[in-house]
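Thank you all for coming.

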There are 2 protein chains.
Amino acid sequence: MSNIRDVAQLAGVSVATVSRALQQPDLVSLKTRTKVLAAVKQVGYKPNLMAVRFRSGKTHHLVVLVPTVANVFFARVISGMQQAAHDKGYSLLLCNTLADEAMEQSYARMVHTSQADGLIQLRAHNPFAQLEMKTGSVLPMVNACEVLDRIACPTVLLDNRAAACAMTEHLLQLGHRRIAMIKGPARSPLTRDRVAGYRDALDAAGVAFDESLLYPGDFTLQSGHQAATELLALANPPTALFCENDEMAIGAIQAVKQHGLKLPQDISVAGFDDISFAAFADPPLTTIAQPAEEFGSTAVNLLIDLLEGRLTKAPKVILPFELIQRASTGPAPAVSG
Amino acid sequence: MSNIRDVAQLAGVSVATVSRALQQPDLVSLKTRTKVLAAVKQVGYKPNLMAVRFRSGKTHHLVVLVPTVANVFFARVISGMQQAAHDKGYSLLLCNTLADEAMEQSYARMVHTSQADGLIQLRAHNPFAQLEMKTGSVLPMVNACEVLDRIACPTVLLDNRAAACAMTEHLLQLGHRRIAMIKGPARSPLTRDRVAGYRDALDAAGVAFDESLLYPGDFTLQSGHQAATELLALANPPTALFCENDEMAIGAIQAVKQHGLKLPQDISVAGFDDISFAAFADPPLTTIAQPAEEFGSTAVNLLIDLLEGRLTKAPKVILPFELIQRASTGPAPAVSG
DNA sequence: TATTTTGATGTAACCGATATCATTTATAGG
DNA sequence: CCTATAAATGATATCGGTTACATCAAAATA
């Protein structure tokens with residue numbers, strides 16, 4: 001591999017001149033510049049970016065902590081991130097945490113050990129908590145999708161409360177009164193907000209909240225299936241299932257059918273995210289569309305702004321949602337519990 | 001940020017001793033070692049890995065070129081890669097190429113500019129072709145899933161021909177004679193192999209090959225839907241649809257239902273990959289299971305072996321498949337065209 | 001013509017670790 | 001007690017760029 005000294009020697013100039021000819025061409029005379037460029041071409045010189053970045057102290061790498069890339073929604077978010085990062089000359093170091101705290105820690109440490117400039121976290125957990133406790137410093141981080149409320153860091157989020165409220169209102173308008181919610185883990189702020197939105201809508205409609213209609217899932221198809229199965233076994237089962245993501249909704253739909261019920265005549269099922277499979281469910285899934293790619297690109301842009309000092313304080317960007325009405329939700333059955 | 005000199009000064013030793021105390025503790029006396037470790041702790045020293053890697057010339061980064069992370073199968077492959085890479089102290093630089101040649105090139109160049117040690121390519125395209133042409137050097141690459149046949153590089157693949165043959169045989173055994181194949185782009189070697197397997201089975205069963213039953217898709221739900229719609233409009237439509245991935249199969253199932261046909265009584269649909277949604281399709285999808293995560297981990301391990309000089313020649317690893325029989329395929333309808 | 005200003009280039013320090021080689025100190029053997 | 005050998009430590013070059021500063025020539029000004 002040729003280096004800058006080879007080029008300098010061949011061109012008969014100093015290494016400084018070569019560097020300048022490539023970085024600030026106006027500082028170099030046309031004559032020398034052409035000589036240098038010819039030499040660069042001849043030896044096939046490519047600057048060693050490891051050296052450049054070591055010198056500059058900036059890696060241009062961003063760590064992304066994703067709970068699971070196998071989740072379709074997150075996959076879209078990552079896609080948006082990658083595009084935005086590439087546009088600004090950054091690359092993504094991907095970590096599929098799989099809820100493994102140690103794995104998350106080990107990637108977070110990359111920001112400490114100068115392997116990455118900053119980090120984007122997609123779940124409600126501060127991976128720097130331990131590190132910052134020890135060092136007292138605050139590391140560059142952006143939070144997206146799932147939101148940490150205790151920390152003042154730039155954030156991209158959906159108005160989950162309003163979105164859950166909108167979907168619940170939709171179901172209430174269809175005449176449903178027993179609306180179950182297949183939610184995420186109890187401790188998640190995202191789930192907490194969505195449950196709050198669900199209750200807002202119930203309260204506004206004067207429908208009593210029933211704790212037994214809340215079922216905690218884990219965002220997988222299987223958990224949606226299991227949740228629906230158990231909810232349908234209740235003495236007074238729900239006529240609508242509002243799921244916190246489309247995977248669980250699709251799982252729930254299968255359980256509903258296995259239970260011998262027809263959708264949407266006997267029961268309605270709604271999802272959240274509008275992943276590509278939602279429109280291909282049978283029946284097609286009513287859901288909340290989120291701008292997944294935009295989550296990713298916004299998060300990346302915020303982080304880069306933060307890193308490059310263009311951020312004075314931590315903004316909270318709220319992205320819009322849209323209720324997508326399809327055939328999985330319909331009027332509540334005439335004889336309702 | 002503290003550096004090795006700070007530690008050395010505080011411990012009252014030379015930087016070389018600090019480095020040794022951390023890298024080869026046996027070369028340092030117990031007394032000095034404890035002194036050094038105390039100093040390390042006191043100043044909160046973390047070696048600057050950018051410096052380490054610049055010095056060593058190894059980045060411990062691997063570029064991964066993925067056609068689309070939004071594809072569930074690829075998401076699983078990436079998950080497997082990330083796990084394996086992490087276990088060996090490497091990180092993944094993810095590039096979602098989205099069929100953008102320029103994007104692919106720009107990431108491939110990272111190997112040239114010392115930003116990454118090697119590359120894993122998931123589609124049948126050599127991103128180094130141009131670079132290697134110019135420089136004459138061969139860059140470390142591993143190919144997985146989609147296979148490049150012209151190049152001698154370590155490869156992880158499925159016996160796609162045998163798998164497609166197995167699925168076709170399954171359909172033939174069910175009595176199907178008009179079996180359509182919703183395949184991938186014509187130029188893809190993967191598709192070529194699978195079509196070959198499909199023909200192997202037809203030939204063995206003495207069923208004539210009908211070109212009009214081959215339909216090129218692009219692995220999306222939409223394209224499966226469209227393909228099925230067009231195939232069902234044929235004068236002599238197929239009784240079975242063999243799709244090259246599960247997304248297209250799920251899209252096809254929707255089209256089949258919209259056409260008023262029942263599955264599997266009127267028509268059978270089979271997929272490929274066994275993504276999580278396959279078991280939740282209605283009816284559950286018969287498909288070929290591939291060890292997606294293992295594809296990822298194997299590819300990463302091969303690349304690391306290659307980088308660390310443990311590979312003499314380019315191995316081809318063939319991973320096993322399994323035909324998963326579910327309810328989307330059944331006996332051919334009695335009155336067949 | 002003498003002097004200042006501008007432009008172009010070279011010299012060398014620097015980023016932070018590692019590793020070679022030299023040097024000092026400790027241990028063993030005679 | 002002295003030397004030979006081993007063990008521990010230090011001084012410093014090095015990786016490949018960038019950049020502050022020095023130098024020098026050419027152009028502009030007095």
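Predicted model: local features only at pLDDT ≥ 70, side-chain atom pairs only at ≥ 80, totals over all residues.

**Helix packing, pockets and cavities**

Let me start with helix 10 of chain A and helix 11 (residues 246–258) of chain A, which pack at an angle of about 45° with their axes 6 Å apart. That angle makes helix 10 of chain A oblique to helix 11 of chain A, since angles under 35 degrees count as roughly parallel, over 145 as roughly antiparallel, 65 to 115 as roughly perpendicular and the rest as oblique. The axes here are lines fitted to C-alpha atoms, for helices over the stretch in contact, and the angles run from 0 to 180 degrees between N-to-C directions. As for handedness, the crossing of helix 10 of chain A and helix 11 of chain A is right-handed, the term used when the near helix is turned clockwise from the far one by less than a right angle, with anticlockwise being left-handed. Helices are DSSP runs (H or I, at least four residues), numbered from the N terminus.

Residues are numbered from 1 along each chain as its sequence is written, chains are lettered from A and ligands numbered from 1 in the order in which they are written, and side-chain values use heavy atoms, with hydrogens and water left out.

Now to the pockets. On a 1 Å grid over the protein atoms alone, a pocket is an open set of points with protein on both sides within 12 Å along at least five of seven lines, a cavity is a set where a 1.4 Å probe fits but cannot get out, and lining residues have an atom within 4 Å of a point. The largest pocket has a volume of about 1100 Å³, and of the 45 residues that line it, B:P67, B:F74, B:R123, B:E146 and B:F219 are the closest to its centre. Both chains take part: helix 5 (72–87) of chain A, and helix 5 (72–87), helix 9 (189–205) and helix 10 (221–232) of chain B, each supply at least two residues of that lining.

The second largest pocket has a volume of about 940 Å³, and among its 38 lining residues A:P67, A:T68, A:F74, A:D218 and A:F219 are the closest to the centre. Helix 9 of chain A gives the largest share of this lining, three residues. Where does the second largest pocket lie? Domain 2 (58–158 + 292–319) and domain 3 (160–290) of chain A both give residues to its lining, so the second largest pocket lies between them; the domain bounds come from an automatic or database domain assignment.

The largest cavity has a volume of about 150 Å³ and is lined by 14 residues, with A:M50, A:H61, B:M50, B:T59 and B:H61 nearest its centre. Helix 4 (49–56) of chain A and helix 4 (49–56) of chain B each supply at least two residues of the lining of the largest cavity.

Finally, the second largest cavity holds about 40 Å³ of space, and its lining consists of B:C145, B:V147, B:L157, B:N160, B:P189, B:L190 and B:D193. Helix 9 of chain B contributes the largest share of that lining, three residues.

Notes:
Points joined across faces, edges and corners; volume = space filled by probe spheres on them.
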